[in-house]
Amino acid sequence: MKVELSKPLGMILEEDKSGNIFVAEVLKGGNADKSGLIDVGDQLIATSAIVYGSEDYYQGVRVRKGMQVVRLSVFGEKFDTVMAAIGTHPAHMKVTLEIQKCARPTSTDENNGVAN
């Protein structure tokens with residue numbers, strides 16, 4: 001499923017031992033929560049990122065040109081790389097996230113099989 005969110009996203013992403021990136025927390029009232037589409041436990045499959053094809057210098061000022069929105073598959077990418085890709089979006093541009101819906105962890109799952 002694709003979701004477009006304004007920054008701040010309003011969720012906390014974490015990486016598990018296998019390198020998968022998942023939603024660890026959805027902040028109440030944040031953009032992820034307002035979308036109604038993202039839940040704790042959902043896995044991030046891909047994100048959009050902004051890249052520039054060239055740059056010029058005008059009177060000593062660097063001007064980036066050729067802005068493109070690209071899709072970054074998160075499989076095999078370092079967590080820091082994925083966070084940097086999300087961070088490339090200017091405030092006025094929404095971030096596109098591809099999310100795989102996953103079962104929410106139960107209280108039994110969270111406590112390694114011991115129910116509360």
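Two residues are in contact when heavy atoms lie within 4.5 Å. The views below come from a predicted model, where local features need pLDDT of at least 70, side-chain atom pairs count only at pLDDT 80 or more, and totals for chains, interfaces and linings use all residues. Residues are numbered from 1 along each chain as its sequence is written, and side-chain values use heavy atoms, leaving out hydrogens and water.

View A. Leaving aside residues up to four places away in sequence, Asp42 touches Ile21, Phe22, Val23, Leu37, Ile99, Gln100, Lys101 and Cys102. Its side chain also reaches the backbone nitrogen of Asp39, at 2.8 Å.

**View B. Strands E2 and E3 make a hairpin.** The two strands pair in the antiparallel sense over 5 bridges; pairing requires that DSSP finds at least two bridges. Look for Leu13, which stands opposite Val23 in E3. Between the strands lie 5 residues, and Gly19 in the turn has a positive phi of about 90°.

**View C. The largest nonpolar core has 17 residues.** Such a core joins buried Ala, Val, Leu, Ile, Met, Phe, Trp, Tyr and Cys residues through side-chain atoms within 4.5 Å. Met11 is among those with the most contacts inside this core, along with Leu5, Leu13, Leu44 and Leu97.

Key:
Buried means under 20% relative accessible area, exposed over 50%, partly exposed in between (1.4 Å probe, protein chains only). Helices (H or I, at least four residues) and strands (E, at least two) are DSSP runs, numbered from the N terminus. A polar contact is a pair of N or O atoms within 3.5 Å; within protein, one must be able to donate a hydrogen and the other to accept it, and residues adjacent in sequence count only if both atoms are side-chain atoms.
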